[in-house]
Amino acid sequence: MKRPRISTAVSTMSFPEVISLNVGGTYFTTRLSTLQRYEDSMLAAMFSGRHYIPRDAEGRFFIDRDGTYFGDILNFLREGELPHRDRVRSVYKEAQYYTIGPLLDHLEDTQPLTGEKVRQAFLDLLPYYKDNLERIVEIARLRATQKKARFAKLKVCVYKEETPITPYERPVFNSLHFERSDSEAKLFEHQCEVDVSFGPWEAVADVYDLLHCIVSDLAERGIAAEHQCIGVCDKHLINHYYCKRPIYEFKITWW
């Protein structure tokens, strides 16, 4: 008995020259060649004919993605047009999803993404930065919950260099780069009496730059934070040396 032949050919979809799209409920019309402009992109792969794409009730090809910024994607594919600055972050996320490499490269070289790359290069010098940020949030949440209060306060030490201070004009240990023996270094090791401590680091960016990062990153999470310097750590280290790291009071408001 002869067995029926099973075809091994891969079926492909064919597309019209003009494509009607439904991207998460927002409608677009474009040329097939526009969607295929960059062959390494997800869009080019989707409309290569090798993949099944569902259609909506009106026959439009459906992409299950928020269509708010898809128009910006099409504008780049058509004419290389870049989005307005206030849309760059959101369009970047869409370009990542659709894997449009040239658009990602252009956006990474424009503000605000360029500034974020520089900022992240600074924060990379503080490997504990994210952990400390989480610690600030957890402490503030716990204190506000315990007190049933709208806000919570905590003390944060932010210092750029490990610089013990003396009453004299030129302290002996006056630089982060000063090489000390292990026994000398231990004389200056201590923990300031604060909730969270940031530092030291080696970069041009100063204490106020790091404070700005902390406040802005908390704001990104919807957490309002204010800070003010309330003094310095006055811990005596050895001889005439005192800590003098600046201490800031952070006020975290929850509602």
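Colleague: Which hand does the crossing of α4 and α5 have?
Modeller: In this predicted model, α4 and α5 cross in a left-handed manner.

Colleague: At what angle do helix α4 and helix α5 cross, and within what distance do their axes come?
Modeller: Helix α4 covers residues 88-97 and helix α5 covers residues 101-108. Their axes cross at roughly 155 degrees and come within 9 Å.

Colleague: Are α4 and α5 roughly parallel or antiparallel, and why?
Modeller: Angles over 145 degrees count as roughly antiparallel, and α4 and α5 are therefore roughly antiparallel to each other.

Colleague: Which residues make that contact?
Modeller: From α4, the contact uses Val88, Val91, Tyr92, Ala95 and Gln96. From α5, Leu103, Leu104, Leu107 and Glu108 take part.

Colleague: How does the contact of α4 with α5 divide by class?
Modeller: Seven of its residues are nonpolar, one is polar and one is charged.

Colleague: Turning to the sheet, what is the order of its strands?
Modeller: The order is β2-β1-β3 in an open sheet of three strands, and the pairing is mixed.

Colleague: Which are the edge strands?
Modeller: Strands β2 (26-31) and β3 (61-63) are the edges, each of them pairing on one side only.

Colleague: What does the twist average from one strand to the next?
Modeller: The average is 30 degrees.

Colleague: How many bridges join β1 to β2, and do the two run parallel or antiparallel?
Modeller: Strand β1, residues 18-23, is joined to β2 by six bridges, and the two strands run antiparallel. Leu21, for instance, has Phe28 of β2 as its bridge partner.

Colleague: Which strands does helix α3 touch?
Modeller: Helix α3 (residues 70-79) packs on the sheet and touches β1 and β2. The direction of α3 makes about 10 degrees with that of β2.

Colleague: Now the other helix pair: at what angle do α6 and α9 pack, and how far apart are their axes?
Modeller: Helix α6 (residues 113-123) packs against helix α9 (residues 207-220) at about 115 degrees, and the axes are 11 Å apart. Angles of 65 to 115 degrees count as roughly perpendicular, and α6 and α9 are therefore roughly perpendicular to each other.

Colleague: Is the crossing of α6 and α9 left-handed or right-handed?
Modeller: The crossing of α6 and α9 is left-handed.

Colleague: Which residues are in contact there?
Modeller: On α6 they are Arg119, Phe122 and Leu123, and on α9 they are Leu210, Cys213, Ser216 and Asp217. By class, the contact of α6 with α9 has four nonpolar residues, one polar and two charged.

How values were computed:
Residues are numbered from 1 along each chain as its sequence is written. This is a predicted model: local features need pLDDT of at least 70, side-chain atom pairs count only at pLDDT 80 or more; totals for chains, interfaces and linings use all residues. Side-chain values use heavy atoms; hydrogens and water are left out. Axes are lines fitted to C-alpha atoms, for helices over the stretch in contact, and angles run from 0 to 180 degrees between N-to-C directions. Helices (H or I, at least four residues) and strands (E, at least two) are DSSP runs, numbered from the N terminus. Angles under 35 degrees count as roughly parallel, over 145 as roughly antiparallel, 65 to 115 as roughly perpendicular and the rest as oblique. A crossing is left-handed if the near helix is turned anticlockwise from the far one by less than a right angle, and right-handed if clockwise. Contact means heavy atoms within 4.5 Å. Ala, Val, Leu, Ile, Met, Phe, Trp, Tyr, Cys and Pro count as nonpolar, Asp, Glu, Lys and Arg as charged, and the others, Gly among them, as polar. Two strands pair if DSSP finds at least two bridges between them.
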